[in-house]
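Grab a pencil and work through these exercises with the model open. Try each task before you read its solution.

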Amino acid sequence: MALLTDALEGLAGLPQPAVLAVTGALTLAECTLGVGFIAPGESALLLAATTVTSTSRFLVMWLVVSVCAVAGDSIGYFLGRRYGDRLRDSKVVRKLGQEHWDKAGALLRRRGAWAVFFARFMPVVRTLVPASAGASKLEYRRFLPASILGAVSWSALHIGIGSAAGASAKYVESAFNGAMWGLMGIAVVVGAVVLLRRRRKAKAVPPRELEEVA
């Protein structure tokens with residue numbers, strides 16, 4: 001547990017602009033077509049969010065991550081608009097799984113622009129929905145509001161989880177250390193009591209009995 005909190009404290013000790021830059025870049029990459037397969041945007045966001053210790057930090061990270069997520073979605077959208085359904089047979093989509101492209105298309109047909117919002121919370125599929133939306137000729141004026149709403153909700157949720165996890169880790173370590181000291185104290189007291197009782201019993205045994213026992 002101490003190693004975990006040491007790592008969190010080390011991350012928190014980095015310049016906040018550096019944490020924001022790396023987190024924003026990974027979020028942008030994770031939300032862009034195909035790159036989400038190799039860029040741990042969501043994991044990076046959860047880890048970076050452990051540095052959020054104030055409302056101002058929360059708001060700044062929320063803004064940066066939301067903007068980068070929407071930008072990544074828009075890049076994917078315009079790639080889909082440019083290349084259309086040919087993307088399904090691309091090397092990137094085949095690596096991600098063409099079935100995910102089909103799921104993205106099916107979700108768009110059922111939900112329309114709302115699919116962009118719902119897909120934000122679906123791993124892998126969310127990487128393909130923006131491109132699929134562009135390929136399906138969904139109007140950008142309908143795509144963008146759904147993308148913004150999804151990005152804002154998704155980033156707030158994950159930053160909140162990461163921040164709470166960081167605080168919980170420190171609390172758990174503190175409680176664990178306190179419990180360990182308490183257990184050590186109890187063990188010392190129990191050991192002392194057992195030792196005293198043995199000495200009393202030894203003194204209570206007559207010398208003859210001790211000789212017989214020997």
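**Exercise 1: how two helices cross**

Helix α4 goes past helix α8 in a right-handed crossing, meaning that the near helix is turned clockwise from the far one by less than a right angle. This is a predicted model, where local features need pLDDT of at least 70, side-chain atom pairs count only at pLDDT 80 or more, and totals for chains, interfaces and linings use all residues. Residues are numbered from 1 along each chain as its sequence is written, and side-chain values use heavy atoms, leaving out hydrogens and water.

Task: work out how α4 and α8 are oriented, and which residues make the contact.

Solution.
1. Two packed helices are described by the angle and the distance between their axes.
2. The axes of α4 (residues 55-83) and α8 (residues 125-135) cross at roughly 40° and come within 6 Å.
3. That makes α4 oblique to α8.
4. On the α4 side the contact (heavy atoms within 4.5 Å) uses Asp73, Gly76, Tyr77, Gly80 and Arg81, and on the α8 side Pro130, Ala131, Ala133, Gly134 and Ala135.
5. Sorted by class, these are five nonpolar, three polar and two charged residues.

**Exercise 2: helix α2 and its partner**

Task: check the length of α2, then find how α2 lies against α4.

Solution.
1. The 16 residues of α2 (residues 16-31) should span 22 Å at 1.5 Å a residue, and the end C-alpha atoms are 22 Å apart, so the two agree. The expected span is 1.5 Å times one less than the number of residues.
2. The axes of α2 and α4 come within 7 Å and cross at roughly 30°.
3. α2 and α4 are therefore roughly parallel, a label for angles under 35 degrees.
4. This crossing of α2 past α4 is right-handed.
5. Residues of α2 in the contact include Val19, Leu20 and Thr23, and those of α4 include Val60, Met61 and Val64.
6. The contact has twelve nonpolar, five polar and two charged residues.
7. Val19, Leu20 and Thr23 are also among the buried residues of α2; buried means under 20% relative accessible area.

**Exercise 3: two residues**

Task: is Arg82 buried or exposed, and what about Ser132?

Solution.
1. Arg82 sits in α4 and is exposed, with a relative accessible area of 56%; the cut-off for exposed is over 50%.
2. Arg82 and Gly134 are 52 residues apart in sequence, yet 7.8 Å apart in space, C-alpha to C-alpha.
3. Ser132 belongs to α8 and counts as buried at 6% relative accessibility.
4. Leaving out residues up to four places away in sequence, Ser132 touches Trp101, Ala104, Gly105 and Leu108.

Key
Helices (H or I, at least four residues) and strands (E, at least two) are DSSP runs, numbered from the N terminus. Buried means under 20% relative accessible area, exposed over 50%, partly exposed in between (1.4 Å probe, protein chains only). Axes are lines fitted to C-alpha atoms, for helices over the stretch in contact, and angles run from 0 to 180 degrees between N-to-C directions. Angles under 35 degrees count as roughly parallel, over 145 as roughly antiparallel, 65 to 115 as roughly perpendicular and the rest as oblique. Ala, Val, Leu, Ile, Met, Phe, Trp, Tyr, Cys and Pro count as nonpolar, Asp, Glu, Lys and Arg as charged, and the others, Gly among them, as polar.
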